[in-house]
Amino acid sequence: MFEAARIADPLSGIVSAYLQMTYFFAGREEDSRAEYERTIDLPGSREIQEHTAFFRAWNLGDKARTRAQFRRYLDSQGVPTPVLAQLLDVLERPEAARALLHEALDDPANHDPIRTLFIGWHGALYGDDELAIAASRRSLIDEFWLSGKFVLWWPFMRSARRKQAFRQLARDLGLYDYWRASGNWGDFAQPVGDDDFEFIR
């Protein structure tokens with residue numbers, strides 16, 4: 001769908017942003033990077049593009065590149081999230097980073113669906129599945145950002161998807177009922193028996 005939209009409007013920054021993200025979801029990181037480079041000079045907001053590029057850089061394990069890309073993301077933020085600026089100081093120190101993120105999740109200043117998700121995503125990068133799931137639940141259910149369900153499929157959420165609490169989140173969001181009724185399990189889940197399911201990626 002996004003590739004078709006790009007053909008129809010190759011200069012749309014938002015189409016490109018979601019195409020880059022979708023390629024990343026699908027494990028097509030080289031395609032995501034190429035699309036990023038194709039549109040790097042387009043005007044308009046670049047928050048999604050730079051955030052996705054940060055996640056790609058993280059996967060490469062190059063600390064200098066990751067830090068530089070994180071700075072570019074922070075400079076492009078449309079939804080300023082102060083804890084992420086603080087995270088830059090401890091980017092290579094997982095314990096300190098996790099502590100900052102937990103504190104931020106408890107801070108009422110971050111209790112809106114976007115900031116909450118940002119905290120959870122970065123927690124997932126540091127292997128904090130509990131934080132990632134708690135933030136996802138708060139954003140999607142407690143703060144009622146139901147249109148944001150796509151965020152559950154980020155590759156770095158894979159470990160969290162193995163947890164029982166994540167499966168319960170999928171049930172509470174109505175995903176399990178939809179999958180059972182429609183038979184359309186997609187690429188991430190499959191049925192187990194007559195009344196259960198599991199995530200497969």
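Author: Arg 46 and Glu 50 are both buried, a term that denotes under 20% relative accessible area, with exposed meaning over 50% and partly exposed lying in between (1.4 Å probe, protein chains only). These two residues form a salt bridge whose closest N and O atoms are 3.1 Å apart; the term requires a side-chain nitrogen of Lys or Arg within 4 Å of a carboxyl oxygen of Asp or Glu. The model is a predicted one, in which local features need pLDDT of at least 70, side-chain atom pairs count only at pLDDT 80 or more, and totals for chains, interfaces and linings use all residues. Residues are numbered from 1 along each chain as its sequence is written, and side-chain values use heavy atoms, leaving out hydrogens and water.

In total, the structure holds twelve salt bridges. One of them joins Asp 172 to Arg 137, at 2.7 Å from N to O. This pair links distant parts of the chain, 35 residues apart: Asp 172 lies in helix H11 (residues 164-172) and Arg 137 in helix H9 (residues 129-142). Helices (H or I, at least four residues) and strands (E, at least two) are DSSP runs, numbered from the N terminus. Asp 172 counts as partly exposed because its relative accessibility is 43%; Arg 137, at 25%, is partly exposed as well.

Arg 171 meets Asp 196 in a salt bridge of 3.2 Å, N to O. Here too distant parts of the chain are linked, with Arg 171 in helix H11 and Asp 196 in strand E2 (residues 196-199), 25 residues apart.
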